[in-house]
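Here is a colleague's note to read beside the model. Keep the sequence at hand and look up each residue as you go.

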Amino acid sequence: MKYALLNVITETAEAVTEETTLLENLRQYFYDSSEVYENLNMGTGSLFSVRLIIFGLCIGLALAGFGVVFNKRVLGGFVRKLLKDECLSPDNAKTIDELGYSTNLFIRLAVRKSTSLRRVVKCREEQLFLEELEQKRTEYQNKRAEDRSLPRFKKTEYKIDITNDRFYIPEEMKYMADIKFEQKGTSWLGAVIFVVIMAIVFVAAMVALPYILDLINDAAGVFNSVPSNQI
């Protein structure tokens, strides 16, 4: 038992050492690099910024890939349910519970916050509220035209009641909604594969970056060595 415990402690210490070494190597590669490209006016700080930009682009593209799949699969499922149940007018609108999404936190949040979803999915009660608000605004503006001392009209926002409010897709938007949230050609596996591809692209870019900068730096040096009267 004592030897087994000793082995576990030793293996743990080795793992921590390897992880520390890896992090140190990454830190040295990204920030402590001694590479300098005089003709490009690039040193350690500039290289760190370039690498950070490439890293950010790869991360951004990977997240965008997941975002596309989320929109098509998760939000698209809600859209397709509305279309399937023919919720195409305020009279045929249904609640989240009637549509079978009462426990889906993503949909409950999306019908309030998602700009992409709200472009095609409308809340019946919110639309009625906006119509009444517009009528009140018009009446108030008429009064204000007669009495300039009145303050500006204050617009109030409608807070969606997830439990009781009803949702629908306007008839004229059903084809756009169907195309916009079509799930064909998207999958979670595809998103994961895309992340792996982005990781490979990032590693390849990091490996190739010094060679590319060397070529550009040498070309810039040759160009700068040519007298201006010979250009």
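1. Start with a term. A residue is buried when its relative accessible area is under 20%, exposed when over 50%, and partly exposed in between, using a 1.4 Å probe and protein chains only. By that rule, buried residues make up 27% of the 231 residues in the protein chain.

2. Next, the ground rules. This is a predicted model, where local features need pLDDT of at least 70, side-chain atom pairs count only at pLDDT 80 or more, and totals for chains, interfaces and linings use all residues. Residues are numbered from 1 along each chain as its sequence is written, and side-chain values use heavy atoms, with hydrogens and water left out.

3. The overall layout. The protein chain has 7 helices and 3 strands. Both kinds of element are DSSP runs numbered from the N terminus: helices are H or I with at least four residues, strands are E with at least two. Read from the N terminus, the order is α-α-β-α-α-β-α-β-α-α.

4. The 3 strands form an open sheet in the order 1-3-2, with antiparallel pairing. Strand 1 (94-95) and strand 2 (122-123) are the edge strands, each pairing on one side only. Two strands pair if DSSP finds at least two bridges between them. Strand 2 and strand 3 (residues 166-168) have 2 bridges, in the antiparallel sense. Look for cysteine 123: its bridge partner in strand 3 is phenylalanine 167.

5. The core. A nonpolar core is a set of buried Ala, Val, Leu, Ile, Met, Phe, Trp, Tyr and Cys residues joined through side-chain atoms within 4.5 Å. The largest one here has 26 residues, and Phe78, Leu117 and Val121 touch the most other members. Helix 2, helix 3 (105-113) and strand 3 are the elements that give two or more residues to this core. Helix 2 gives the most, with 6 residues. As background, nonpolar side chains tend to be buried together in soluble globular proteins.

6. The surface patch. Which residues form a nonpolar patch on the surface? They are Phe66, Trp188, Leu189, Val192, Ile193, Val195, Val196, Ile197, Ile200 and Val201, with about 860 Å² of accessible area together. Accessible areas come from the Shrake-Rupley method with a 1.4 Å probe, and for residues only the protein chains shown count as cover. Patches take residues with over 30% relative accessible area and no salt bridge; like charges are joined within 9 Å, and nonpolar side chains (Val, Leu, Ile, Met, Phe, Trp, Tyr) within 5 Å. Helix 7 (residues 188-225) supplies the largest share of the patch, 9 residues. Valine 192 lies in helix 7. Valine 192 counts as partly exposed because its relative accessibility is 43%.

7. Aromatic pairs. The structure holds 5 of them. Rings of Phe, Tyr and Trp (its six-membered ring) pair if their centres lie within 6.5 Å; planes under 30 degrees apart are stacked, over 60 edge-to-face, and the rest tilted. The ring centres of phenylalanine 55 and phenylalanine 202 are 5.4 Å apart and the planes stand at 65 degrees, so this pair is edge-to-face. The pair links distant parts of the chain: phenylalanine 55 is in helix 2 (residues 44-84) and phenylalanine 202 in helix 7, 147 residues apart. Phenylalanine 55 is partly exposed at 38%, whereas phenylalanine 202 is buried at 15%. Phenylalanine 129 and tyrosine 158 form a tilted pair, 5.3 Å centre to centre with 45 degrees between the planes.

8. Salt bridges. A search of the whole structure finds 7. Each is a side-chain nitrogen of Lys or Arg within 4 Å of a carboxyl oxygen of Asp or Glu. One joins glutamate 134 and arginine 137, at 2.8 Å from N to O. Both lie in helix 5, 3 residues apart, about one turn of the helix. Elsewhere, shared partners join Lys81, Asp85 and Lys94 into one network. Within it, lysine 81 meets aspartate 85 with the closest N and O atoms 3.4 Å apart, and lysine 94 meets aspartate 85 at 3.3 Å.

9. A last spot to check. Is lysine 159 buried or exposed? Lysine 159 counts as exposed, because its relative accessibility is 76%. It sits in the loop between helix 5 and strand 3.
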